[in-house]
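Let's take a walk through this model together. Have the sequence and the 3D view side by side as you read.

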Amino acid sequence: MKSRVAFLLLLAMTSACARRSDGRKTPTVVLISVDTLRADHLPAYGYGGVRTPALDALARDSILFENAYCQAPLTLPSHATLLTGLLPSQHGVRDNVGFRLAPTHATLATVLKARAYATGAAVSSFALRRNRGLDAGFDLYDDQFGASPDERPGLETAKRLENFADANSGKPLFLFLHLYEPHTPYAPPEPFRTDYASHPYDGEIAAADAAVGGFLAYLKKRGLYDRAIVVFVSDHGEGLGDHGEDEHGVFLYRETIRVPLFVKLPGSRGAGERVRAPVGLIDVFPTIAETAGVPASPGLPGVSLARVAGAAAPGTRRIYSESLYPRLQLGWSDLAALTDDRFSYIEAPRPELYDVVADPAEKSNLAGSLPPALRSMRAELMTLRNSAASPEKSSAEELEKLGSLGYIRVDPGSAGKRNLPNPKDRIAELRQFKRLFDLFYAHRDDETITLAREMLSTNPQILSVSRMLATSLERKGRPAEAAAVLESALSRGDRTGSAEDVVPTAEELATLLSHLPDAARAEASLTKLMRAGIAGEPVRRELARLLHRRGRTAEALALLANAGASSDPATLDVYGAVLADSGRLDDARRALT
């Protein structure tokens, strides 16, 4: 370990370089985020199951942080923290669905752009689409995925960022590269698919290494690498079944919150150092800002990683993590955690405490004996934990795209309830839900129908499963069965789901019913739905459509008495047709134009 004096000298040199006004010494800033990458699946952290020559070389040029933790095991909240330096409760992005970063928050891009940097980002997943607010301050925020609507290979993403750098030659650059490998589905390209056939997650890591290697080679070719600060990190890890969770988002064990973190300073100063002190994604913003000569922002919870590395004896520090996803989307309790250099405490319906030095796999829960560490960490966590979150309504298209990426929504209607179940008691169910979602979004409808019926036989109240079953039945040309499924689901007093799910379900049912050959049955069902007051306008519209088709124009018109004020094109189409058949042609023209 270099002396503290040497590191303080390093900081002084770096800051002086960043404050030069002629631009010649301003460091290039590069932030590389590889999604879903566990620290303990890299050779730099002692893993032998994958070859990562590019990351190994970068680690040799960098300060490596052995115990870096994310603040949320989800893509959007973690990247909001990376770019703002704020905790999720501070920047307000608590989940992948229903949240966006407010423009009032300063980001790395906004502060560097204010210092004449050309700011470019290229991302590889729909989860980081520009309308989530992370594009603030970027001259380029490339989220166009080409042939795939949801994600793209890292090599393509890196090329987009290289093109931006070429177009801004001679300017100070901030380059943010996001790669989606090794997120599910694990389907690495060749030769990694063959080389890692038995371990496709590692094959995806190898593919990400190749993409990072190509991008770093570009920086070296352009003469940018040596004087750059390069921060390499992941947004979160992956469960891989270690505690029953295959992927991420629910638990706060080390496999999902511990991430790789390398900091290559200009001139590779401090290269080869390994820092054991716990750090977090909150520390990336102040690290880059300090190196670029940006004045410190008041109120940031993080610290410069260069200062952590340079400290002779880093003080005790606890890193906060949270997951609201279980409560917001699954109907389970949310979780929060604190991790220091010895213990990890997880606040759950049954608290958990682990000695991560003696028990890094977190298998022996020490909470039962109420040790002093538990009491201290619980008290501190009470001052940090804030589960208040108000997601906005998401479009059906957004939900479908996120669902196709494996982001499962089972029971979003339970977010405001108390005494929700412990995720640890329900995690086995998640594997079955994941299988159902995979089948459904792959349009494997026969298998979806079979599995959904099996799941509903034991949990008939779960609205999202009924919706997938009904959609698969409709796609198979069985609309009457689909309608029956939705009728049964909506009639249950114990159904789980939010208004965001109930209303479109009722609308889907209304559309199905209005096209059934059994008009009498459809009319009775639509009338029952209308009286229940669910999805008022769509149900009235479809009932009016059905009555009109049966020649009962006056009744249809009565149902559409307020349709002239509607903004729904489908409602106006039905209203116009009914008016025309009632002889009110001028009114019909106004409704249809």
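**A covered helix and its surroundings**

Helix α8 is mostly covered, with 16 of its 22 residues buried; buried means under 20% relative accessible area, exposed over 50%, and partly exposed in between (1.4 Å probe, protein chains only). Helices (H or I, at least four residues) and strands (E, at least two) are DSSP runs, numbered from the N terminus. This is a predicted model, in which local features need pLDDT of at least 70 and side-chain atom pairs count only at pLDDT 80 or more, while totals for chains, interfaces and linings use all residues. Residues are numbered from 1 along each chain as its sequence is written, and side-chain values use heavy atoms, leaving out hydrogens and water.

Just after α8, Gly 223 has a positive phi of about 75°.

Now step back to the whole protein chain. Its secondary structure comes to 24 helices and 15 strands. The radius of gyration is 27 Å, close to the 25 Å that the globule rule gives for 593 residues, so the chain is as compact as a globular protein of that length; the radius is taken over C-alpha atoms, and the rule is 2.2 Å times the number of residues to the power 0.38. Buried residues make up 57% of the 593.

Next, some loops to visit.

Ala 116 sits in the loop between α5 (108-113) and β4 (118-122) and is exposed, with a relative accessible area of 54%. Leu 240 lies between β7 (229-233) and α9 (254-257) and is partly exposed, at 30%.

Finish at Asp 341, in the loop between β13 (335-339) and β14 (343-347). Asp 341 is partly exposed, with a relative accessible area of 49%. Not counting residues up to four places away in sequence, Asp 341 touches Pro 278, Arg 317 and Val 357, where contact means heavy atoms within 4.5 Å.
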